[in-house]
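Biologist: I am new to this structure. Please show me how to read its features.

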Amino acid sequence: MWGCGNNEYGQLGQGTRDDDFHEELVKIAEDVIHVDDSYNGSFAIFLAEDLKLYGMGNGAGGAL
């Protein structure tokens, strides 16, 4: 799975946060079988082939 865009909440899954808009694709994960994201794009969760669930981004209100 690859991503680009805003990363102010760490939603690009790199373990970092910044105010830059990332135009180049960054590799987030491999072997992803399903992805769900928030309506405003501040967080996402994804399921890998090993059936582990991962989350990244803004976990406000216990979302993650």
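Modeller: We will take strands, then side chains, then the pocket.

Modeller: This is a predicted model, where local features need pLDDT of at least 70 and side-chain atom pairs count only at pLDDT 80 or more, while totals for chains, interfaces and linings use all residues. Residues are numbered from 1 along each chain as its sequence is written, and side-chain values use heavy atoms, with hydrogens and water left out.

Biologist: Which strands form the open sheet, and in what order?

Modeller: Terms come before the case. Strands are DSSP runs of E, at least two residues, numbered from the N terminus. Two strands pair if DSSP finds at least two bridges between them. Here three strands make an open sheet in the order β3-β4-β5, with antiparallel pairing. β3 (32–37) and β5 (53–57) are at the edges with a single partner strand each, so one side of each has no neighbour in the sheet. From one strand to the next, the twist averages 20°. That angle is taken between N-to-C directions of lines fitted to C-alpha atoms, on a scale from 0 to 180 degrees.

Biologist: How many bridges join β3 to β4?

Modeller: Five bridges join them, and β4 covers residues 43–48. V32 stands opposite A48, and H34 has L47 as its bridge partner. The two strands form a hairpin with five residues between them, and G41 in the turn has a positive phi of about 75°.

Biologist: What joins β4 to β5?

Modeller: Five bridges again, in antiparallel fashion. F43 is partnered by G57 in β5. This hairpin has four residues between the strands, and L51 takes a positive phi near 65°.

Biologist: How many aromatic pairs does a search of the whole structure find?

Modeller: A pair of aromatic rings is described by the distance of the centres and the angle of the planes. Rings of Phe, Tyr and Trp (its six-membered ring) pair if their centres lie within 6.5 Å; planes under 30 degrees apart are stacked, over 60 edge-to-face, and the rest tilted. The search finds one pair. F46 and Y54 are stacked, 5.3 Å centre to centre with 20° between the planes. F46 is buried at 7% relative accessible area, whereas Y54 is partly exposed at 35%.

Biologist: Which residues lie nearest the centre of the largest pocket?

Modeller: A pocket is an open set of points on a 1 Å grid over the protein atoms alone, where a 1.4 Å probe fits, with protein on both sides within 12 Å along at least five of seven lines; lining residues have an atom within 4 Å of a point. Here 15 residues line the largest pocket, with Q11, D37, G41, A44 and M56 nearest its centre. β1 (2–6), β3 and β4 each supply at least two lining residues. β1 gives the largest share, five residues.

Terms used
Buried means under 20% relative accessible area, exposed over 50%, partly exposed in between (1.4 Å probe, protein chains only).
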